Amino acid sequence: VKCRPQVWAQCWEGAGACLCAWRACLGLAAAMPIMLVLWVLVLQKLKREMEALRSSSRGLLQSYREEYRDCLSEIVQAVQTAQLHCEALLACSAEAGRLEQSLRDVTERWQRELRERRRLQDALVELKGNIRVHCRIRPLLPFDDEAQEPVSPDSSVSGGVVHAVDDETVLVECNRPGHALINKTYTFERVYGPAESQRAVFEDVCPLLTSFLDGYNVCIMAYGQTGSGKSFTMLGPRCQEEPALPSEPRGDTGIIPRAAAELFRLISEDPSRSPEVGVSVVEIYNNDIFDLLANDGCRAASGAKRQVLPTQQGKTVVCGSVRSAAQFLMLVGRGLKLRAKQPTSVHAESSRSHLVITVTLATATSPPWSDRSASAEPCQPGPRSPATGRRQSPPVPLRTRGHGLGRAAQDRLGQVRATLQLVDLAGSECAGVSGVTGPALRETSCINRSLAALSDVLGALAEGRGHIPYRNSRLTHLLQDALGGDAKLQVIVCVSPGQRHVVETLQSLGFGARARQVERGHPAPRKLR
Ligand SMILES: Nc1ncnc2c1ncn2[C@@H]1O[C@H](COP(=O)(O)OP(=O)(O)O)[C@@H](O)[C@H]1O
Ligand SMILES: [Mg+2]
């Protein structure tokens, strides 16, 4: 009874809540149909979208399949084409290989033919006793001062007016304003373009060394204008600076050091021969012969040359005995230090004398030559040469034929088998162009006179005249055996490619052409042991 009012309040509250819930249920019941309609609409929309999605995915799948099929067929087609190409490529590369092989064969055959032709030509030259003439065109160099395009080092084109058309023909093509057009070709046994190496030049003269060892007299001579590359060809670059030339041939080593190495290599191959090798080095300066190996007095004053004068008894010069290429080159280097040179406007290191290095082979039965070597024969110093200020030693006998050993030495030491003369001529030049005056002018005129005498001798030999003017100059006198005798003579005509020197170049080429016309009879080997 006590809690009756509370119960009544709770019941009243519960009835109120029930009423509210009843009202809410009524509201919900009223909203339900509307929501149902909405849901149906949404559901329908979703269905439609779903259908559209399904049909578009079907379309996509279809187009994907079609594209896939197309791509696949394209890929198959491409693979087939690639296979075809690959087969064609293989066929092409096989064909290229076959062509390459046949090119190699043809090149080899051509080179064999070329060698054979050269051999036959060489044999013909030898049978006719002709002088072999090679021509070397040096590259254009900075001091040529010619406005030309730079020339590729492996090009056969010189960049100047002188070109090696092939390895036997030189073309001089020059069109100077105010001068007649020059278009001349010359043929030689061999023509070296500006890119040809020292080795290539040496390889062609190398067989002459075998001939020398077989007992033939041989002479290798470089001819040409000042600055045309004679000393470069014979000795190599910087030959004036180095007292001893390198005994191991480098790329730019010249003929003389290479010949020394080759000679001693050939000698070492056949120890049974073991010949004695003698070397003399002389220069012809202002038409006088100077012995560059002779010691002055008691060897005190280096730098003196002994003048060699002709006498009735014959001639002799100091001939050092050598046993190796290094000794040979040491002697040559010693001689070169004394060689006359003078800068001209054409060439800063112009040699003013003809250099003649003579190598003599003698039998091994003779006593050693060292008895007569340069150091073993002291001589009294002679007067100073008035023209040059050089000290001259007293005259020593000058043998008129043969060179290197005196006759007495020849008898005492046994039989002289053969001589090899290596000649680096002084350069022909026009005094006006070289810009020399005073004593240098006299040198130039002596050089030009001796070279003219050389040309006259060759002219007389070519025409088969009865009298050959060897005695017109010391140069031709000294080289008499090589020019008109039985020596195998190889002339290397060196030419500058520049337009500035075209007149001298034509003169040098004319000299070479004249030398080729000489017929002297078959060269004979010296009597062998
Ligand atoms: N074939 C060549 N290749 C590169 N340089 C050369 C060649 N021939 C000559 N020379 C350079 O030309 C210059 C003149 O050559 P050099 O042999 O002294 O002339 P020459 O003895 O005829 O007066 C030298 O500096 C030499 O090194
Ligand atoms: Mg020179």
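Which hand does the crossing of α8 and α11 have, left-handed or right-handed? The crossing is left-handed; a crossing has this hand if the near helix is turned anticlockwise from the far one by less than a right angle, and is right-handed if clockwise.

## Basis of the model

This is a predicted model, in which local features need pLDDT of at least 70 and side-chain atom pairs count only at pLDDT 80 or more, while totals for chains, interfaces and linings use all residues. Residues are numbered from 1 along each chain as its sequence is written, chains are lettered from A and ligands numbered from 1 in the order in which they are written, and side-chain values use heavy atoms, with hydrogens and water left out.

Helices (H or I, at least four residues) and strands (E, at least two) are DSSP runs, numbered from the N terminus.

UniProt, in an unreviewed entry, places a "transmembrane region" at residues 21–43. Such positions are given in the numbering used here, feature names are shortened, and annotations may be inferred rather than shown by experiment. In the model this span is 100% helix and 0% strand, and its end C-alpha atoms lie 30 Å apart.

Three strands form an open sheet in the order β2-β3-β4, with antiparallel pairing. Its edge strands are β2 (162–166) and β4 (182–187), each of which pairs on one side only. Neighbouring strands of the sheet are turned by 25 degrees against each other on average, direction ignored. Strand β3 (residues 169–174) is joined to β4 by 6 bridges; two strands pair if DSSP finds at least two bridges between them. T169 has T187 in β4 as its bridge partner.

Helix α11 (residues 502–516) packs on this sheet and touches β2, β3 and β4. The direction of α11 makes about 30 degrees with that of β4. Contact here means heavy atoms within 4.5 Å.

## Helix α8 against α11

The axes of α11 and helix α8 (residues 439–463) come within 8 Å and cross at roughly 35 degrees. Axes are lines fitted to C-alpha atoms, for helices over the stretch in contact, and angles run from 0 to 180 degrees between N-to-C directions. From α8, the residues L454, S455, D456, L458, G459 and A462 meet F511, R514 and A515 of α11. By class, this contact has 5 nonpolar, 2 polar and 2 charged residues (Ala, Val, Leu, Ile, Met, Phe, Trp, Tyr, Cys and Pro count as nonpolar, Asp, Glu, Lys and Arg as charged, and the others, Gly among them, as polar).

## Helix α4 and its partners

Helix α2 (residues 198–213) packs against helix α4 (residues 255–269) at about 45 degrees, with the axes 10 Å apart. That makes α2 oblique to α4: angles under 35 degrees count as roughly parallel, over 145 as roughly antiparallel, 65 to 115 as roughly perpendicular and the rest as oblique. The α2 and α4 crossing is right-handed. Contact residues include F202, V205 and L209 of α2 and A259, L263 and L266 of α4. The contact divides into 12 nonpolar, 2 polar and 3 charged residues.

α4 also packs with helix α5 (residues 325–338), at about 150 degrees and with the axes 9 Å apart. The two helices are therefore roughly antiparallel to each other, and their crossing is right-handed. I256, P257, A260, A261 and F264 of α4 make the contact with A325, F328 and L329 of α5. This contact has 8 nonpolar residues, no polar and no charged.

## Hairpin β7-β8

Strands β7 (residues 276–285) and β8 (residues 288–291) pair in the antiparallel sense over 4 bridges. E283 stands opposite F290 in β8. The hairpin has 2 residues between the strands, and N286 takes a positive phi near 50 degrees.
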